[in-house]
Amino acid sequence: LSEIPELNRDVLKATLGEMPSERRTRYVALGLKNDDADSFVRDTRFGAFFDAVADGADTESIQLAGNYIANDLVKIIRDMDGRDTESMDILPVSVGNFKKLITLVKSGSISSRVAKDILVVMATTDTDPEQYATDNGLIIKNDVEALRNSVRSVMDANPTVVADFKAGKDAALEFLLGQCMRVLKGAGNPQVIRDLLKAEIS
């Protein structure tokens, strides 16, 4: 049978395209978790979207994209599918804007928490993530002097917690850090803030 041109393996492969098992193997080779690779093979919307995002990207960006698609975008879209009578065939997030989001995360310009929140917005408006982060003050601030006022404000509002940290309670510092991040809407470098808190309290 393989001698019949129409049934030749190479001809069949070219006609049928990439098989699911081959696609899964390729995804795993790119660094995706087995479960994520399976998910992308089962729902080709996400597989095709991942392929487009991964095209020309470096390894770190590919793995970041895989994680955000599998752990966040899938949940957002399936929730939207559940509210509608029909599942959407085309994802509402553009490849270009999703790549921008991954670049912002990779460069440390926005936190993972902020990226997840922006992705929700992108799924409904496909907004430019960099513009949105800038307009809403979500770009991470690393400048010490720019953060100092927020740190001092949180300390002034929580004198008992400050006293607890001075008394040796490490959990108090994490509480203050969390309060600073809340005030800054996640747009602060946690390590810089932690160092500032220690310096201000000592």
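Reader: What are the ground rules?
Author: This model is predicted, so local features need pLDDT of at least 70 and side-chain atom pairs count only at pLDDT 80 or more, while totals for chains, interfaces and linings use all residues. Residues are numbered from 1 along each chain as its sequence is written, and side-chain values use heavy atoms, with hydrogens and water left out.

Reader: Why is H6 called roughly antiparallel to H7?
Author: The axes of H6 (residues 95-106) and H7 (residues 112-125) cross at roughly 170° and come within 11 Å. Angles over 145 degrees, on a scale from 0 to 180 between N-to-C directions, count as roughly antiparallel, so H6 gets that label against H7.

Reader: What makes the contact between them?
Author: Asn97, Phe98, Leu101 and Val105 of H6 meet Ala115, Ile118, Leu119 and Met122 of H7, contact being heavy atoms within 4.5 Å. By class that is 7 nonpolar, 1 polar and no charged residues.

Reader: Why does Ser150 count as buried?
Author: Buried means under 20% relative accessible area (1.4 Å probe, protein chains only); Ser150 has 16% relative accessibility, so Ser150 qualifies. Ser150 sits in helix H9 (residues 144-157) and touches Val183 and Leu184, leaving out residues up to four places away in sequence.

Reader: Which residues have the most contacts inside the largest nonpolar core?
Author: Leu73, Phe98 and Ile110, in a core of 37 residues. A nonpolar core is a set of buried Ala, Val, Leu, Ile, Met, Phe, Trp, Tyr and Cys residues joined through side-chain atoms within 4.5 Å. H5 (59-83) gives the most to this core, 11 residues.

Definitions and conventions
Helices (H or I, at least four residues) and strands (E, at least two) are DSSP runs, numbered from the N terminus. Angles under 35 degrees count as roughly parallel, over 145 as roughly antiparallel, 65 to 115 as roughly perpendicular and the rest as oblique. Ala, Val, Leu, Ile, Met, Phe, Trp, Tyr, Cys and Pro count as nonpolar, Asp, Glu, Lys and Arg as charged, and the others, Gly among them, as polar. Buried means under 20% relative accessible area, exposed over 50%, partly exposed in between (1.4 Å probe, protein chains only).
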